[in-house]
Amino acid sequence: MRYLMMQTAGGAEPDAKLYADMAAFVEELTASGVLLATGGLDPVGFKMTSNGDEITVTDGPFTEAKEAIAGFALIEVRSREEALELGRRFRKIVGDGESLIHEVFGP
Amino acid sequence: MTDVPAAVAVAGKQESARIVAGLLRMVRDVGLAEEIAQDALVAALEQWPAAGIPENPGAWLMTVAKRRAVDHIRRSRTHERLAPDLARLAESDGEPGDDDVLRLMFTSCHPVLPPEARVALTLRVIAGLSPAEIARGFLVGEQVIVQRIAAAKRTLAEAGVAYEPAGQLSSVLEVVYLIFNEGYSASSGADLIRTDLCLEALRLGRLLAVLAPDEAEVHGLVALMEIQQSRSAARTGSGGEPIPLHEQNRGRWDQLLIRRGFAAMLRAREAGGPPGPYVLQAAIAVCHAQARTAEETDWPRIATLYEALERLLPSPVVRLNRAVAVGFAAGPQAGLDLLDELRADPKMAGYHLLPTVLGDLLVRLGRAAEGRRELERAASSARNAAERELLLRRAAALDVPRERGMLLGPAVAAFLGPLRPATARAYGQTLHRLTRIAGDRVPVAELPGERIAEIFAMSWAKVAPRSWNRHVAAVRSFAAWAGTPHLAAGIEPRPVEAAPHFAAGAEPRPVEAAPHLAAGIEPRPVEVEPVSRTSGPEPALRERVLWSLLRESAAKIGAVLALNVEDLDLADRSARNGAIVWRSGTARLLPELIAGRTRGPLFLADRRPGPGRPVAEVDLCPESGRRRLSYERAEYLCKRATGRSLDRLRHT
């Protein structure tokens, strides 16, 4: 099963140690075949709203900086517990903040 | 997280390969390493509830496991083993690295183990699955897996295989692909749990790609699996019926996995070297994945790739796939020509995809009646109800007038019904196989006796005379009951005391013979001239010419059988502008076989075709009305007389 993990911004400013730990974590998950895709997100996005036939485009930023989604990882795991454990390890590396984790249903 | 057992199980799976690999470096025994790793998990179950889940569960497990390994070595070491142990302990300070995991894979996939043991051990120590989880994947009892793993460890210990610095990568790839295919073949809902095996295989493959990045075949295998897996949602319909590739909804293909497959393929190319079997299969998968619609498929390229693959892996299944590709690339007749040999191959007898492909090709050639018969034959050997129904629906949709008379399947059922159970069981064994191969919807009256004889040759050429005679009795009895004695005309009982020299391959079968009896019987040497091993009457002139021509020309069997009298240049000892050339043996015999004929097929069947078997004009002798000798019949005659297939003659 696949899970999408989304990280909000915030927490401590990334330092050299965080970068190194993160790189090792990503490398390990790639090697074990768990990490399918990952990426960071530009904090300034744009929003599209539809209302009847009308579609409005609004440029960001929109939310409090610490609530914005800053990155994502798509993982393939055997169980919810495995996703949880990986999330736990990820949170330990990045420090304070939040992750939203959803199961992804098949294509 | 409060659920400690779940956390331990997850850590055990995620860290298994590294922990066992690290331990293996210390203790040099897979079985022992795996047991110590288990001990560490038990320790975690005991300690984590009170102490909390450690920050880095993997490191915690590794530390505990190493400590136990050191304890074990201290306890068990003897004076003579002291030195190497200390050296080993000294070097085991570092973290287990990629090399250790790779060595563990070489060990668990070692060729001394039978394939199913390699699969079970690899899933246990590398993927970290429990025996119960492995058992569910392979539809066997947990105890079976426990024993299989125990036996594997014992075999490795006895063979002295512990810490393979450079094992056979091909064996590892084979195991990973076996696991993948086991999961891939499980398509129905009830089997869903088994499809997890595909993901395990993908993880193993991705891991291997990191461990052995310079090996093109590793990346080829990963690409192949990623792309095959990308179709998993599209390849079965709502009723569980398989959907062939060209009918799949390509929108349901998982583009993420396809892209990963492409990326793996690029890495395979970068690694270089001549393409191996996995790279070739991946290249074929890439071709399919690149086509946005079935019509855009680059069939000529796929046909070329299959041809290359067949050179590396000459197997009937590869040939069948190649025929499909050639059928699209160069037309149905070209595809059909490639299948001649397979139709006589006993290994393919119960394989429903052969008649499916034959049926498709024949239908596209406009030979709907034959095509339908093949599709119905395919239906009778299909693996599940959904597939069978699909084939029958396609057969029924063809615009062919319905054949008359009793059909084989219902006739066999009606015949067996009133018999005593023991007799019905014994006869049923024979007749059900006939039905499976000939097709349960073929009219009994139109089934030629020759076909029955061929099926006998295919299925039972090597059985003991008693078994053979039991099959003959079953068909005779059925033929008499159905009022179609011609069915049994081509099969004769064999003398029961038949010695190994008896014609149709009465080779002793080790599985049937008691070991002390089989030990005294020498297998017959392969290089013996096949014709000289004939017993009984000398083979007919036609067979002698055919065999001699095949031997001397080494031409394709289909091409030789397709020869017409008018194609021959007797003076030049050649046919078709020198495409087929023979020597003095054939030259001596040919005039007698031609016997004044001026045109028509060179090799003729013994009898004229029955009314229900329309034959193309090019395959009929204008003088005698007999049809061209079929590949199957020629193969059967050769097997009966020499015990060898025709193809072997070409290479003697």
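How many helices and how many strands make up the secondary structure of chain B? In this predicted model, chain B contains 30 helices and three strands. The chain has 652 residues, and 42% of them are buried.

β1, β2 and β3 of chain B form an open sheet, arranged in the order β1-β2-β3 with antiparallel pairing. At the edges sit β1 (568-569) and β3 (580-581) of chain B, each of which pairs on one side only. Strand β2 of chain B covers residues 574-575, and two bridges link this strand to β3(B) in the antiparallel sense.

Chain A gives 15 residues to the contact, while chain B gives 19 residues. On the side of chain B that touches chain A, the elements giving two or more residues are α1 (4-27) and α10 (196-211) of chain B. Of these residues, the largest share comes from α10(B), with seven residues. What kinds of residues, nonpolar, polar or charged, are found on the side of chain B that touches chain A? Eleven are nonpolar, seven are charged and one is polar.

Note on methods: Residues are numbered from 1 along each chain as its sequence is written. Chains are lettered from A and ligands numbered from 1 in the order in which they are written. This is a predicted model: local features need pLDDT of at least 70, side-chain atom pairs count only at pLDDT 80 or more; totals for chains, interfaces and linings use all residues. Two residues are in contact if their C-beta atoms, placed from the backbone, lie within 7 Å. Helices (H or I, at least four residues) and strands (E, at least two) are DSSP runs, numbered from the N terminus. Ala, Val, Leu, Ile, Met, Phe, Trp, Tyr, Cys and Pro count as nonpolar, Asp, Glu, Lys and Arg as charged, and the others, Gly among them, as polar. Two strands pair if DSSP finds at least two bridges between them. A residue is buried if 20 or more other C-beta atoms lie within 10 Å of its own, exposed if 12 or fewer, and partly exposed in between; C-beta atoms are placed from the backbone.
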